[in-house]
Amino acid sequence: MLEIEQLYQMYKEDVFRYLVSLTHNPVLSEDLLSEIFVIAIRKLGTYRGDASIKTWLFGIARNVWLQQLRRQNKDIDSSALFEIYVTDGIEQAFIDKEIINRINELLGEKDERTKQIIYMRAKGYAFAEIGKTLGISENSARVIEFRTKRWLKEKLLEEGFG
């Protein structure tokens with residue numbers, strides 16, 4: 001229990017500031033902060049150490065915020081979703097709008113199913129939900145999303161975005 005308390009004390013301010021940058025609403029951010037740490041406590045055993053704890057918490061925060069948007073049935077601009085989806089952490093949170101526009105253009109080259117998978121992931125849908133909606137397996141959705149993200153990154157690097 002002491003470790004969980006330390007985790008909360010160490011990162012609550014950073015996660016809160018990140019949430020405020022996403023929501024532009026301190027009250028909502030405070031509510032989501034509690035939810036994030038409850039999820040983190042439940043998922044602590046799944047933390048693999050591939051990224052810092054802070055980055056892991058930001059990932060949870062991003063997903064919780066996207067779920068909140070879906071619960072409210074808010075329509076948000078796809079550019080805003082892609083900005084969140086493409087970035088891997090707060091370090092990259094200020095991605096250039098030109099890159100977002102280029103991602104939209106590149107996705108135009110992909111088939112409809114691939115685009116749907118990417119858009120649904122950007123909106124925070126789980127792979128299980130995507131698979132069910134599109135009539136494919138969860139693993140197929142994961143593979144298509146992984147390959148498409150890799151392809152997008154390669155294309156952007158080739159074009160000098162980096």
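**Side-chain contacts**

Author: Let's start with a charged pair. Asp14 and Arg17 join their side chains in a salt bridge, 2.5 Å from N to O. A salt bridge here is a side-chain nitrogen of Lys or Arg within 4 Å of a carboxyl oxygen of Asp or Glu. The model is predicted: local features need pLDDT of at least 70, side-chain atom pairs count only at pLDDT 80 or more, and totals for chains, interfaces and linings use all residues. Residues are numbered from 1 along each chain as its sequence is written, and side-chain values use heavy atoms, with hydrogens and water left out.

Reader: Where do Asp14 and Arg17 lie?

Author: Both are in helix H1, three residues apart, about one turn of the helix. Helices are DSSP runs (H or I, at least four residues), numbered from the N terminus.

Reader: Is Asp14 buried or exposed?

Author: Asp14 is buried, at 18% relative accessible area. Buried means under 20%, exposed over 50%, and partly exposed in between (1.4 Å probe, protein chains only).

Reader: Which residues are linked with it in a network of salt bridges?

Author: Asp14, Arg17 and Lys54 form that network.

Reader: How many salt bridges does the structure hold?

Author: Seven. One of them joins Arg102 and Glu159, at 2.7 Å from N to O. Arg102 lies in helix H5 (residues 97-107) and Glu159 in the segment after helix H8 (138-158), so the pair ties together parts 57 residues apart in sequence. Arg102 is buried at 19%, while Glu159 is partly exposed at 35%.

Reader: New topic. How many aromatic pairs are there?

Author: Two. Rings of Phe, Tyr and Trp (its six-membered ring) pair if their centres lie within 6.5 Å; planes under 30 degrees apart are stacked, over 60 edge-to-face, and the rest tilted.

Reader: Why is the pair of Tyr8 and Phe37 called edge-to-face?

Author: Their ring centres are 4.9 Å apart and the planes are at 80°, so the pair is edge-to-face. Tyr8 lies in helix H1 (residues 2-23) and Phe37 in helix H2 (residues 26-43), so parts 29 residues apart in sequence are tied together. Tyr8 is partly exposed at 27%. Phe37 is buried at 7%.

Reader: And what about Tyr18 and Phe58?

Author: That aromatic pair is tilted, with 4.7 Å between centres and 35° between planes. Tyr18 is in helix H1 and Phe58 in helix H3 (residues 53-71), 40 residues apart. Tyr18 is buried at 6%, and Phe58 is buried at 3%.

Definitions and conventions
Helix = DSSP H or I, 4+ residues; strand = E, 2+ residues; numbered from the N terminus.
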